[in-house]
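This briefing covers a sheet, a hairpin and a pair of packed helices. Please read it alongside the model.

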Amino acid sequence: MIRTRSRAWMAVCCIGLSTAALAAPPPAAPTAAASAPATASTAALAPIPFVSPHAANIRTASAPDAWGGPRTPSDATLSDRVTTYAIQATLDPDKHTVDAHQVMTWRNRSDRPVDKIYLHMYLNAFEGPGSTFFTERRMYAGSGHSRGAAKLKKGEWGYIDLKKVQQNGQEVTWRYVQPDNGPKTDHTVVEMDLPQAVPAHGTLTLNMDFHDQLPRVVERTGWWGKFHLVAQWFPKIAVLELPGERGATRVRWNAHEFHYHSEFYADYGNYDVKLTVPKGYTVGAVGHEASAPVDADGKVTYHFKQTDVEDFAWVAAPGYKTMDTTWTGPGSPKVKVRVIYPPEYKVVAEPTMKATTDALTYFSDTLGPYPYKTVTAVIPPYNATEAGGMEYPTFFTAEHSKEYTKGTFSQYWIDFVTIHEFGHGYFMGILGSNEFEEPMLDEGMNEYWDDRMLADRKQGIDVTKPWMKKLGFQPVLGAFAMERASGVLGINFPADSLDANSWDRLSNSSYGSVYSRTASAMRTIENLVGREAMGKAMKLYYERWKFRHPSAADLRDALAEGTGRPALIHQIFDSQVYGTQRVDASVVDVDSAEQLPQAGTVVKDGKRVTVTEKQVDKQIADARAAWKKAHKDAKHGGPYPWLTTVTVRRTGAPVPRRLEVKFADGSSETVKWDDGSRWKRFTFLKPVKAVSAELDPKRELYLDANKLNDSYRVKKDGSASSRWTADAQALLQTFYTFVGTL
């Protein structure tokens, strides 16, 4: 999701339990094994706890067999499928409602029976001011720009209502709960009491009817006019985590409320969805069309299927156009690529298509083959900005614009948003990151790989308007320089660690910095270990954790192994991912002293003699004269060497750095400062004195909070301004970019 952009549907649920043990009533005299499920359904079971409301900063790596273990080519399915949703839904575009019947199956992966389950009712975040979402929005007001700022009025609120819940013909009781201790008026999680418990490793089947009232478009979902983006719209079961998975030490429910800053987390599974809309509507959704649309009574029913994904969203709007192509790549199926767009934004349809196919190529080549058969990009209409810049598996919303001029900011923004939202298909989708608790694994890592793609194809940020281009003024800023300027520059000490969860944040700005600070941290690692090593490590991370749910500790260990630099990786993770340390160092002083003979006493031929200052002066004069005679054309140097001492100091985390010292004859020396010392002196014995010293001369450390103190020039001249030009330019261009996108 791009953070800088800114229901009376009721659920009628029938839940049926289907397992081999419960396929028929137990016999009159059941065996112990056969009676176990019945006993579990009547006796009180030990409650399964929720994950902590403040879960974050996972330092313990997941077990090797977590989530069914690494997926291999010999596996029959891409993921260890846990859920299946079969949904039949009908849209009323005038009332902005969806009525649906849902059959959900869920596999209990644990070693114990489960008699309570938890479902996410995300749309209830928009039912009124008492939700956790709106409560937190008021709390964060004024603490930085964020999306989700739409003001809803009468007739614009959204919610989801459960009508009836049954299990195998039996009524199921349910209640709203607040796992994160949010307000009692938050209704985004329900607890259901099952008449019959799901046995260990058994399967539950849910049959539901529900009713959604879509909100006016706000925070990733809703309507504007006849445009409907239907997301977070169906009751979705929470994740039951097992010991050894994402830091869990016991079986637990991961069922967070819908927080203002959080996104989502769900099991992998299959979706089989039929969508009925008025005739004349263009429809797009997660997955592929399983059969031809069925036209009846002025309505059309579309049938979509997709396996091995965690979510399903769709769009329906009349009069929208489509653009189609196909893409092929090594190890991937033939991919159908579609762009859905309103006619008024035709100008960005083709660029969106190209950016999508370019991203398919880059991510497949650098991480791993794209495994699905479709990608659908949706360009939202005017006044539906908050529907843009959002991601779902195989389906995302991009950015709208009436302008697309190459070499200007409009090109960069369309390209970047498209690449970014596609990229979520890898970091949120294929890698299954928990966006509740570890947004850096999705938003941050995705931002890093997006910027890497742009850097690799030498596409900078053109902070240029068409009128500026006509005047020949075309400022360009590197993608990672922009990340540093927006998320690192000027921040003395970050308020929250990168691996903090989504909602325990000081401010909107602190959450937003997850994008840029993660990108800066990962690019710093890449510069320190080398491009090849980082590329190898990221491929290892993808291959090891695809279709599972890694934690930051799992990313850390993959990078440590893949780069061959475990000490460095742990150092940066400790200080940045799990900590809030500032990264900064400075050149304190540069001193060069000519190594001349000195007056004093010496022992010569066994006798102590005194060398006077007069004798020393004559010795020096004679040596200089002889040297000049022998080196008539020399502009630098002399008979005596110069000892240069450079003093450096750290005022932040000990990240390895290079120190480059330049000398008067044009030569230079570069040394590494890679220990944990708070300060250090480096000495150089050279024929000439030093003229300057600079830390991080190649500007590889994007985490560095202050570049103004990185260099020291002995002799003042106009070029000294180079120490601060880059930061000043970055600040100005960041401000310009921000203003231009309001």
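Strands here are DSSP runs of E of at least two residues, numbered from the N terminus, and two strands pair if DSSP finds at least two bridges between them. The model is predicted.

**Hairpin of strands 28 and 29**
- Strand 28 (residues 600-604) pairs with strand 29 in the antiparallel sense, over 5 bridges.
- Lys604 stands opposite Lys607 in strand 29.
- The hairpin has 2 residues between its strands, and Asp605 takes a positive phi near 55 degrees.
- Strand 29 (residues 607-611) is hardly covered, with a count of 0 buried residues among its 5 residues.

- An open sheet of 4 strands, paired antiparallel, has the order 7-8-4-12.
- Strand 7 (173-176) and strand 12 (236-237) each have a single partner strand and stand at the edges, so one side of each is left without a neighbour in the sheet.
- Strand 7 runs antiparallel to strand 8 (residues 189-198), and 4 bridges join them.
- Arg175 stands opposite Glu191 in strand 8.

**Helices 8 and 9**
- The axes of helix 8 (residues 508-529) and helix 9 (residues 531-545) are 6 Å apart, and the helices pack at an angle of about 125 degrees.
- That angle makes helix 8 oblique to helix 9.
- From helix 8, Met522, Ile525, Glu526 and Val529 meet Arg531, Ala533 and Met534 in helix 9.
- The residues of this contact divide into 5 nonpolar, 2 charged and no polar.

Notes
Residues numbered from 1 in each chain as written. Predicted model: local features only at pLDDT ≥ 70, side-chain atom pairs only at ≥ 80, totals over all residues. Heavy atoms only, no water. Buried < 20%, exposed > 50% of the residue type's maximum accessible area, 1.4 Å probe, protein only. Axes fitted to C-alpha atoms, helices over the stretch in contact; angles between N-to-C directions. Parallel < 35°, antiparallel > 145°, perpendicular 65-115°, else oblique. Contact = heavy atoms within 4.5 Å. Nonpolar A, V, L, I, M, F, W, Y, C, P; charged D, E, K, R; others polar.
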